Amino acid sequence: MNTNRTSLTVGLALALSLGLVSSAVQPASAESGSELTARSVCEAHELRALKEADPHLEISIPKEFDTPWPSRSACQSHEAALDEDTPGLVQPIPFSHKHHAGEFGIDCQYCHSGTDRSPSAGVPSVEVCMGCHSQFPASYDELSGIQTLKEHWENKTPILWEQVNRLPAQVQNRHNRHVKAGVECQRCHGQVEDQDKVVVQEDTEWWPWGLPTQTLEMGWCITCHRDNEVSQDCYTCHY
Ligand code: HEC
Ligand code: HEC
Ligand code: HEC
Ligand code: HEC
Ligand code: HEC
């Protein structure tokens, strides 16, 4: 609900900056109808930005929404991760790597702690999320993703994340072997820290005539193994 409102405001913000509805707000006088009132912290951030661009704008920010948290970039990442038009899957919670791993620099292995020990990387438990989020101020709960997170916490139910990268059942990838050999996550998953939604990477390096291929194809695995003198024996990867 809040997110709908946010997108309305962002839509309005866009329309305003494009001058589409300028007539409605131009008379920045005492005319009561022309004042824009924030209905959430996220809207308040957008209204402040609008006013910076157009100082004549009359804005009003109720006290309960006059707080820095969630930050403007958190609101924007949340919005982008919810948006079906952002490439990638819409997950049960609009969790953004751009925000967590990028802006806040949280280490990949803080959440994917299995990568150095086990073949699979694993996704963090609700407990790991709440280790940070239980300390956030109440105003943070306006984000629908945080409400969903807390429902899982209270009901003790896991979050059913959709798996993005998936190999056929008869093929094995070993995260621990790659991580121990110093192959960075980004070599296989791309710049995850720049993405609001994780997407399977395209790889054009090994295909000399530049046809895009998915990184999870056999030829891509084999090429890197050949370059690094790692086993290309069928049974290395196939059961
Ligand atoms: C190490 C601390 C930490 C952990 C662990 C953590 N977060 Fe966050 N989270 C943050 C910070 C910091 C922000 C941003 C605060 C701001 O700028 O408003 C944030 C923002 C968010 C947001 C809003 C922005 C966005 O990404 O959509 C959501 C939703 C969220 N977290 C969900 C989660 C979930 C789900 C997990 C567990 C999978 C999790 N967080 C784990 C620290 C953490
Ligand atoms: C705060 C916790 C957190 C941090 C830090 C984090 N991740 Fe994640 N990661 C998640 C969650 C939750 C998911 C599942 C939801 C999704 O796909 O966005 C996930 C999913 C992924 C996926 C997709 C998995 C699949 O289904 O194929 C990849 C790849 C990934 N992370 C890589 C990284 C890399 C690389 C970093 C460091 C640059 C990183 N993550 C940092 C929590 C985190
Ligand atoms: C050599 C390439 C490679 C590297 C390096 C790599 N991954 Fe992966 N990752 C994959 C492949 C392939 C899959 C799909 C695995 C499957 O379906 O069995 C995957 C799946 C995942 C998944 C979701 C499924 C699971 O295994 O839990 C996450 C999360 C993930 N990777 C995170 C990371 C993180 C974080 C790093 C760095 C610490 C990393 N990966 C390094 C290739 C790689
Ligand atoms: C970016 C380079 C790179 C890519 C891409 C890559 N690998 Fe690897 N892989 C390595 C390296 C380096 C090692 C060596 C680890 C070691 O020395 O123990 C390795 C080791 C392995 C091992 C363990 C080998 C053994 O001897 O037990 C398996 C299994 C494996 N890779 C599977 C895969 C699969 C499946 C893919 C594709 C989905 C893949 N790899 C893609 C670099 C890569
Ligand atoms: C470095 C890892 C790796 C090695 C080594 C490897 N494969 Fe694969 N193979 C894969 C991956 C990943 C897939 C699934 C993705 C795909 O279909 O391209 C796959 C898929 C296949 C498939 C199914 C293709 C299809 O279209 O369904 C066959 C058949 C196959 N491999 C045969 C072999 C044979 C034979 C060898 C030994 C000469 C071998 N592979 C060595 C990683 C490997």
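How many nonpolar, polar and charged residues does the shell around ligand 5 have? By class, this shell has nine nonpolar, four polar and one charged residues, where Ala, Val, Leu, Ile, Met, Phe, Trp, Tyr, Cys and Pro count as nonpolar, Asp, Glu, Lys and Arg as charged, and the others, Gly among them, as polar. The model is predicted, with pLDDT of at least 70 needed for local features and 80 or more for side-chain atom pairs, while totals for chains, interfaces and linings use all residues. Residues are numbered from 1 along each chain as its sequence is written, and chains are lettered from A and ligands numbered from 1 in the order in which they are written.

Around ligand 5 there are 14 residues (C-beta atom, placed from the backbone, within 6 Å of the ligand). Glu 217, Met 218, Cys 221, Cys 234 and Cys 237 come nearest. Both α11 (218-227) and α12 (234-237) supply at least two residues, with the largest share, four residues, coming from α11; helices here are DSSP runs of H or I with at least four residues, numbered from the N terminus.

Ligand 1 is surrounded by 26 residues, of which Ala 74, Ser 96, Cys 129, Cys 132 and Gly 145 are the closest. Two or more residues each come from α4, α5 (97-103), α7 (126-133) and α8 (144-155). This shell has 16 nonpolar and 10 polar residues, and no charged ones.
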